[in-house]
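Have the structure open while you read.

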Number of protein chains: 4
Amino acid sequence: MSQEIRSALDVIFSAGAEIYKSRGFQRKLGFGVRPALVNIDLANAWTQPDGAFACDNMDDVIGAVQRLLLVSRKQSIPVIFTSIAYAMVDGDHSDMGLLAQKVPIDCLKLGSDAVTIDSRVAPRPDELVVIKKNASAFHGTFLSSYLHMHGVDTVIFTGVTMAGCVRHTVEDAIAEGFRPIVVREAVSDRIPGATEWNLFDIDAKFGDVESLSTTVEYLERLK
Amino acid sequence: MSQEIRSALDVIFSAGAEIYKSRGFQRKLGFGVRPALVNIDLANAWTQPDGAFACDNMDDVIGAVQRLLLVSRKQSIPVIFTSIAYAMVDGDHSDMGLLAQKVPIDCLKLGSDAVTIDSRVAPRPDELVVIKKNASAFHGTFLSSYLHMHGVDTVIFTGVTMAGCVRHTVEDAIAEGFRPIVVREAVSDRIPGATEWNLFDIDAKFGDVESLSTTVEYLERLK
Amino acid sequence: MSQEIRSALDVIFSAGAEIYKSRGFQRKLGFGVRPALVNIDLANAWTQPDGAFACDNMDDVIGAVQRLLLVSRKQSIPVIFTSIAYAMVDGDHSDMGLLAQKVPIDCLKLGSDAVTIDSRVAPRPDELVVIKKNASAFHGTFLSSYLHMHGVDTVIFTGVTMAGCVRHTVEDAIAEGFRPIVVREAVSDRIPGATEWNLFDIDAKFGDVESLSTTVEYLERLK
Amino acid sequence: MSQEIRSALDVIFSAGAEIYKSRGFQRKLGFGVRPALVNIDLANAWTQPDGAFACDNMDDVIGAVQRLLLVSRKQSIPVIFTSIAYAMVDGDHSDMGLLAQKVPIDCLKLGSDAVTIDSRVAPRPDELVVIKKNASAFHGTFLSSYLHMHGVDTVIFTGVTMAGCVRHTVEDAIAEGFRPIVVREAVSDRIPGATEWNLFDIDAKFGDVESLSTTVEYLERLK
């Protein structure tokens, strides 16, 4: 992000934060006792350079996710990955719904390399990969039932994009009764500024934005 | 919005729009053939000055909504209003879920003046008022079934706030299979800049942002 | 139930039970560690004699529910009631959906005596009353989020009717990740035999059917 | 079904039907204008003899479905198939939820022959196959969004089992705003009597039970 954009955002956020604080928004939900790690759309279409879906800063994001995977697996908490893919596109019977008319989904074919999770953060065989058709990992999937069945009360989020799939998933998470935690160093977008303003909105109303170190410490202390 | 913030947003959006355009985002869904008008949280807690939930620019928003109500009623399309309210808060058994721990819901008691739709845009007896517990008007409500039962394919959105309830509802709308249209002059927020960056994100991925005049013209041409 | 119907059902169920057992159905889910009590449609339209919705054997059902309420309140577990009601019926914009075209909902007006919970099992102010538009207490409501937010893993069901609202709610409960327990003495229907065949189907696939005494003992042992 | 069971059911249903009729239940929803054909769990585990999930009378059911497929494809209405499959079962992190603890899912591995749609009614490449984790084809899937996006108002159901997946799916269908039509000759179960009592319950409250010939005639008349 350029210094110009960073400065512009700082001006906006400091005014907004003052309004939120004085009115009682931006409270912390806090971590619960039974977390899961949900990694949004860390498939090659998003993590690799070039291509319509490629995001910024992905090496840093992958590094942060690797650290979260390590401690999550050590602690045996549920680890989930998501990807977006269509299985069928004949005539107007595409299984991607209206999203296919708004954004360029052509490369997201089920089974292709583009929709496969990046090998640097590859799922283990006992980790769930949810294929979704929409931005939210909860909409039209069994993710909520899966997490609840495992007694999860807190969902730690990583991935992309902040203006799309991560944000919508976080909003749904609190509505479903989970405490959403977004790890600042582990999320990104492809638009300069979009990561920051969506983190700002989320922290005000939908979930807690926490640093990687705070999140790792919390996970290490579990049990 | 100050000139300083407006300039800052312009810098950010022009860079982002170029990326989106060149990659095939920001396409238009277009209007469908059977619209409904959904007015998000135009209750007194949001529309009247002062108070934790009060939003900016509400007289203009109310004026725009009045114009949409007039043509929508003339055309007999479904008109829906939403509000947020809790019915019960004893111990930890509040029916507002975790949202009550993130934002200041104390004034939003079911049946109170705060959660009643502003009299300037009062619902008629045959118009649905959905009481919700979350940001999205679709989550934990029968709104989707109601709209689908009436054959609706397009949902025109007004109301507040862009960083919260309008945005989450729009995201859910496209996931549910509706074409979301957000009327620029008929939405707002309480944070400077938040209306603009959420309209920017929505137009890129979740729905079409249209002007009041374009929307009114569309409604007038129906049938 | 007449002896003729009872004998007929016994013939059918004994053949069916043998098939289920030999193939590995009809397993017990068992009680979990954090239950809630959900009482389906114990409003006057269903509990009082006469009227389209009146059910059989309601004095016994009410007696069983009273016993469950007593121990549930002593143990401070979440207690929930449901009722069905429409708020609006103008033209085809009824908020009851297609159900209004299939069954006689005319008497179920929001706020009427018919949809008020029977005073013999009246909710306390801190107990949630969910107004639903469909058979399932989960569909189009925030019940799932409410239960999950309170860490509930087991839902104990009472009420009516077994062929309608109780059955659909139980099916949704297991899909949402809850262990459904149906208390045999606390449920009923208005059709001879319908209670029995729906309990039979549920016990085979969707939840555990338990006696009142087993359920009360479980609740008393909690903590 | 034995004559003994058939007679027993007749006794029960005639008493029940009289109650329903006199009280205003068992109304017809009627066919709408834009149908889809949804075939529930016609995979080999259910359609082939032997095995835990095998159902009765499947050659007749397949024959009826073939006739419906022929006219549905001629009329270009959406055709959907469902199957149940798990992708992962390590420790307690199975993606099948609590259903795996109630019924014998061991053979239902994703990609196996057991969960593949019977070749006699094989899906075409442009027809959607929904893999579900629960009884209902709507729960935890994008089926509702898919149907709504295609403007569907009526869902014609075939498949198995009547006591499980077909029934729960039909109940959800009317709640989602669709007119459910169950084709009597195209559905079955593995328990004697279960097909009949679930059709009886559905026709009273959740959807219309129609004959194959009535349904085929309706489809042929479309447009």
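1. One term before anything else: contact here means heavy atoms within 4.5 Å. By that rule, the contact between chain B and chain D takes 6 residues from chain B and 6 residues from chain D. Keep in mind throughout that this is a predicted model.

2. Staying with chains B and D, the area buried between them is about 470 Å², and carbon and sulfur atoms give 47% of that. Ser145(B), His148(B) and Gly177(B) supply 66% of the area that chain B buries against chain D, more than any other three residues. As for secondary structure, helix H5 (residues 143-149) of chain B gives the most to this side of chain B, with 3 residues. On the polar side, the count is 0 salt bridges between chain B and chain D, while the rule does find 3 residue pairs in polar contact there, both residues of a pair being at pLDDT 80 or more.

3. Now for chains B and A. Here the contact takes 59 residues from chain B and 59 residues from chain A. Between them the two chains bury about 5000 Å², with 61% of it on carbon and sulfur atoms. The rule finds 2 salt bridges across this interface. One of the residues involved is Lys102(B), which forms a salt bridge with Asp208(A), their closest N and O atoms being 2.7 Å apart. The count of residue pairs in polar contact between chain B and chain A is 26, again with both at pLDDT 80 or more.

4. Which helix gives the most to the side of chain B that touches chain A? H1(B) does, with 11 residues. Helix H1 (3-23), helix H4 (99-102), helix H6 (165-175) and helix H7 (194-205) of chain B each supply at least two residues of that side.

5. Glu171(A) deserves a look of its own. The residue is found in helix H6 (residues 165-175) of chain A. Is Glu171(A) buried or exposed? Its relative accessible area is 1%, and the cut-off for buried is under 20%, so Glu171(A) counts as buried. Within its own chain, a polar contact of 2.8 Å joins the side chains of Glu171(A) and Arg167(A). Leaving out residues up to four places away in sequence, Glu171(A) touches Phe206(A) as well as Arg167(B), His168(B) and Glu171(B).

6. Asn134(A) sits in the loop between strand E3 (128-132) and helix H5 (143-149) of chain A. What is Asn134(A) in contact with, leaving aside its neighbours within four places in sequence? The list is Ile84(A), Leu99(A) and His139(A), plus Ile174(B) and Ala175(B).

7. On to the sheet in chain A. Its 6 strands form an open sheet in the order E3-E2-E1-E4-E5-E6, and the pairing is parallel. E3 and strand E6 (208-210) of chain A stand at the edges with a single partner strand each, so one side of each has no neighbour in the sheet. From one strand to the next, the twist averages 25°. Strand E2 (residues 79-84) of chain A and E3(A) run parallel and are joined by 5 bridges; Ile84(A) has Lys132(A) as its bridge partner in E3(A). Helix H3 (residues 58-74) of chain A lies across strand E1 (35-40), E2, strand E4 (154-160) and strand E5 (179-188) of chain A, and runs at about 135° to E5(A).

8. Finally, E2 in chain B. Of the 6 residues in strand E2 (residues 79-84) of chain B, 6 are buried. Both faces are covered: Val79(B), Phe81(B) and Ser83(B) are buried on one side, and Ile80(B), Thr82(B) and Ile84(B) on the other. Strand E1 (residues 35-40) of chain B pairs with E2(B) in the parallel sense over 3 bridges, with Leu37(B) standing opposite Val79(B). E2(B) also runs parallel to strand E3 (residues 128-132) of chain B, joined by 5 bridges, and there Ile80(B) has Leu128(B) as its bridge partner.

Technical notes. Residues numbered from 1 in each chain as written. Chains lettered and ligands numbered in written order. Predicted model: local features only at pLDDT ≥ 70, side-chain atom pairs only at ≥ 80, totals over all residues. Heavy atoms only, no water. Helix = DSSP H or I, 4+ residues; strand = E, 2+ residues; numbered from the N terminus. Buried < 20%, exposed > 50% of the residue type's maximum accessible area, 1.4 Å probe, protein only. Pairing = 2+ DSSP bridges. Axes fitted to C-alpha atoms, helices over the stretch in contact; angles between N-to-C directions. Buried area = accessible area lost by both parts, 1.4 Å probe. Salt bridge = Lys/Arg side-chain N within 4 Å of Asp/Glu carboxyl O. Polar contact = N/O pair within 3.5 Å; in protein donor to acceptor, adjacent residues only side chain to side chain.
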